[in-house]
Amino acid sequence: MDVACCDSGGNKMNLTKRKFDCLVIGAGGGGLRAALQLSQADASVGVVSKVFPTRSHTVAAQGGINAALANVLPDNWHWHMYDTIKGSDYLGDQDAIEYMCRAASNTVIELEHSGVPFSRLENGRIYQRAFGGQSQNFGGDQAARTCAAADRTGHAILHTLYQQNIHARTHFFDEYFALDLVKDEEGYILGAVAIEIETGIPLLIEAKTTLIATGGAGQLFYNNTNARINTGDGMAMALRAGIPMEDMEFFQFHPTGIAGKGMLISEGVRGEGGYLVNGEGERFMERYAPHAKDLASRDVVSRSIAIELKEGRGCGPDKDHVLLKVDHLDADIIKKRLPGIRDLSMTFAGVDPINAPIPVCPTAHYTMGGIPTNRHGQVVVPEHQGAEEPVPGLYAAGECACVSVHGANRLGGNSLLDIVVFGRAAGNHIIEYLKENRYHRPIAEESVDYALSRLARWDKKGDGESVDSIKTDLKKTMDKYCGVFRQEDVLKEGVEKVLAIEERLQHARLKDHSKIFNTARIEALELENLMDLAVATVCSALERKESRGAHSRIDYPERDDKNWLKHSLYFKEGRRLEYKPVHIKPLTVDSFPPKPRVY
Amino acid sequence: MKFLIYRYNPETDAEPHMQEYELANVEPGMMLLNALERLKAQDETLSFRRSCGEGVCGSDGMNINGRNGLACITPLTVLKQPVELRPMPGLPVIRDLIVDMGQFFHQYRSVKPYLIRHDPDPEIEIKQSPEDRDKLDGLYECILCGCCTTSCPSFWWNPDLFRGPAALLQSARFLMDSRDQGTAERLDELEGPYRLFRCHTIMNCVDVCPKNLNPTSAIGNIKKLMVKHHI
C-alpha cells in the first residue's frame, strides 16, 4: 500500500491506492451475496461500507423472503411470477421477474445451507407464512410463500452472509465512505474514490468491475421506516456519473409503520392473522379488497388507510392513525413468530400487542426505482441505437438497482429475494467479465479530481446554513409534496421547493472541519446525495400522468397502459426525462398482459 | 434536560473532558438517540455512531449513567440527570463516544462464526426439527453492539486472550446448531485457561444485553460441552 499523505483538499499525487478485480460498494445483503460469489471464485474483492457490515439496513428486514418451496401450501414459481407482475402493476420487466422467481427456491436453500436459522415446520423444513399479494393458481386462494426466521429474517440473512464472507476471506473496508465513481473517457467505470471515516484520508480503489449495492433512499422522507444510513449514496454517484435513474416516482409507503415514530411493523403480522381497524372499529380493508382484505398489495392497503384518515375515520385524538390488531391471536404465537415486533411495539408505542392493538400509519419504506440494470446486474443506459447498453465495468444490485422486478409496487418478501438473487447473478456475470477484461485500465485523473472536489467543498469555512436544518426541510418537503397521493399543482410546487432547497445547500457550511471520524462531514455528503435523488423523484412524479402502483395521481386516477406502460429515465444533466419500454416478454413462458388489478 | 458527555478529539484535545449540554423541549417518548441527534444539531462536533434507530443494527452502544446500552432504545424518562454519557469501556477511543471495535471483531472472527459442514449439501434444506431450532433462540439474535464484552472485567484484563461474551455467544450459536459439524474444532479452538475459561460468571453481560440475551448461560453450556469433549 502506498503511504498516505493526501489532504482532503485534493493532493492526489500521494493518494493511497488499492487494486481489486471487483469493488463492491455497500455491505448489505446484495453486496455481501455478490462478494461471496466472487471470493469463492477466487476473484479479489474489496467491499467498501460506510458502516460495519452487520449494521447495514438489510438487518432490519423482518417478515421474510419469498420462494415457492410449497412447504406449507401448494405453490410454484410461475404463480409467484404472476403475483409479482400483478403486484408491480405490470411495470415490472417480465424476463427479470421470471428469472428471479425461478431462482428463488435454490437461492433460499443455498442460504439455509450457509447457516441462516430459518424457523421450522414439524417436518423439519423451512417455515413459510402468508404475505400480501400472494396467491395460488394465478389469483386464487392465499399462498404461504414467505420463508421466515421468526420476524428477524433480514438479521439472520445479513449475519449469515457476513459470516460466510469472513470464511471466504473477503477484504472489507469497514467505515469507508465512497465519494464518487471513477470513469474514463470511453465510459468505463474504473473503481471509486472513498474516504476512511476514522482518519478522513481519501483512498483510490481501482477495480476492473464496480458493483453498487448501497441500498435505498428512505431518508428522502421525514416519516420513514428506514435506517439513518439509507441516503441513496450509490444512486447519486451513478447520477453524477451521467447514468439515469429509472422509475424514481415509485416509492413504496408501507401500510404499517408505528404511528408518529416510523418503525416498521412487518406485513408478517397480518400474515399471521392480524388485521387493521379504523376509528369506528371497522375492518375497513374488507371494503377496499374484498378478496385479499388485509393482505392486498402494500400500495392498495396504504391508500386505503390514507383515505380512511382523510375521511375522518382515524383513531386517537387527532384521528391520525389506524390500529393493527393482533390481540386475538394466541400469546404463544406472538411470542414465537413475532418476538421482534412485540419488542418494537412495547419500546416505541408503549403497547404489548398481546393485550392491545398497535397504532400504525403509512410510512415511506422502499425505493422501487434506481440504477437501471438488466437481470445480470449490468448497469444499462440508452446509448447509440440501443435503449439498454451496458456501462462497461459497472454493476448494481439490491434496492439501489432497478432491474426492474418490482415495477410500480414491490411485494413484501420480494426485497430480500431481489438482493440475494441479483447479488448472486451480478457476481456470476462479473466473473465472466473478468475473463474478458483481465487488466486494469489507466486511471482517469479528472474523474479522481472531481471526486476529491466533493470533499474539498466542505472544507470551506465561514457562515452558512447548517446541514441539519436543510436536511429536515428537504424531508418534510418530500412528505408534503410527494406522498401517498399526488397531483399536478402540488408536485409543481414540490419541484420548486426542492430546487430552492438545492440552492440553499450550495451555501451550507460545516462548523466541524476535523479529519478524525467527522460524522458531520459524512452527513453533509449524504445530504448532497439525497438532494440529487429528491429532484429525480419529484421531477419523475410530476411527469407521469397516470396512477400506477405506488404512484397515485388524484388528477389522473386511472392506469394508462396506452401512454404510460413504460419506464422513466431521469438524467441529472438538464433534469431531463426519457422513457424506455417495459419488457413484456418473459424468458420462456407466456407474457402476462396488463389487466385490471383487483385484490 | 441536562447531559454530561465525554468529549475527546485527538486532533485538538490533549486529553478527554466531560462537557455539559442542556436540551430544551424534551418530548414524551423520546429516546436517548433522539436527544443526542438534537444536541448534534446544536453542536455538530459531537460524534457518535447510529443507524437503524430501533435496536437492531447495534451501532449506538455507549455507557449511559455507568451502564452500557443502546441509545436508540433507552427512553429519556428512565435516566437520572445529568445523564452521563461515555464511550463503551475497555476499547480505545477514536473520538467522543466512538470506540475502536477492532479487538471486539477480532475475537468474533476468531470463533469461526459460520456454519461448518463436512457432508455434501442435500438438494433441499438441511432438515432441523422445531425443537432443535428452538435451541438457537437466545443465541442468534446478537447484534454485535459490544455492550456485553465491553462491560466484562475479564475482557478488560485480557482483551487479547479472552474471547469475551459476544464472541462466545456466537460460538455457542454454532455449537448448538444441529446442522453444524464443527464441534470438535470449535472446542479445540477454545482450549486453554483464557479464551473460554476466563469467564468468571460475573454476569455483567447478562445485565446489560439490550436484546435480553444470556451470554453467561451460553458460556456455561460451552463449558459443559468441553467437559464431555474431554471424556
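Trainee: Which residue in β17(A) is the bridge partner of Gln378(A)?

Mentor: Happy to start there, and keep in mind that this is a predicted model. Gln378(A) belongs to strand β16, residues 378–383 of chain A, which pairs with β17, residues 386–396, in the antiparallel sense over 4 bridges. In β17(A), the bridge partner of Gln378(A) is Tyr395(A).

Trainee: And which residue in the turn between β16(A) and β17(A) has a positive phi?

Mentor: The two strands form a hairpin, with 2 residues between them. The turn residue with a positive phi, about 50°, is His384(A).

Trainee: Which residue's side chain is joined to that of Asp247(A) by a polar contact of 2.7 Å?

Mentor: Among the residues that Asp247(A) touches are Lys566(A), His567(A) and Ser568(A). With Ser568(A), the backbone nitrogen lies 2.8 Å from a polar atom of the Asp247(A) side chain. The side-chain to side-chain contact of 2.7 Å is with His567(A).

Trainee: On to the interface. What is the area buried between chain A and chain B?

Mentor: The contact takes 59 residues from chain A and 62 residues from chain B. In chain A, Arg55(A), His113(A) and Arg228(A) lose the most area to chain B, together 16% of what that side buries. Carbon and sulfur atoms give 51% of the buried area, which is about 4,900 Å².

Trainee: How many salt bridges are there between chain A and chain B?

Mentor: One of the salt bridges pairs Lys336(A) with Asp134(B), their closest N and O atoms being 2.5 Å apart. The count between the two chains is 8.

Trainee: Which element gives the most residues to the side of chain A that touches chain B?

Mentor: Across this interface, 37 residue pairs are in polar contact. The elements of chain A that give two or more residues to its side are α3 (94–114), α4 (153–167), α10 (339–349) and α15 (519–543). By class, that side has 24 nonpolar, 19 polar and 16 charged residues. The element that gives the most, with 7 residues, is α4(A).

Trainee: Finally, what percentage of the residues of chain B count as buried?

Mentor: Chain B has 8 helices and 7 strands, and its C-alpha atoms fill a box of roughly 60 × 35 × 30 Å along the principal axes. Among its contacts between residues at least 6 apart in sequence, 64% join residues at least 24 apart. Of the 231 residues of chain B, the share that counts as buried is 55%.

Methods: Residues numbered from 1 in each chain as written. Chains lettered and ligands numbered in written order. Predicted model: local features only at pLDDT ≥ 70, side-chain atom pairs only at ≥ 80, totals over all residues. Heavy atoms only, no water. Pairing = 2+ DSSP bridges. Contact = heavy atoms within 4.5 Å. Buried area = accessible area lost by both parts, 1.4 Å probe. Salt bridge = Lys/Arg side-chain N within 4 Å of Asp/Glu carboxyl O. Polar contact = N/O pair within 3.5 Å; in protein donor to acceptor, adjacent residues only side chain to side chain. Nonpolar A, V, L, I, M, F, W, Y, C, P; charged D, E, K, R; others polar. Buried < 20%, exposed > 50% of the residue type's maximum accessible area, 1.4 Å probe, protein only. Lists of a residue's contacts leave out its neighbours within four places in sequence.
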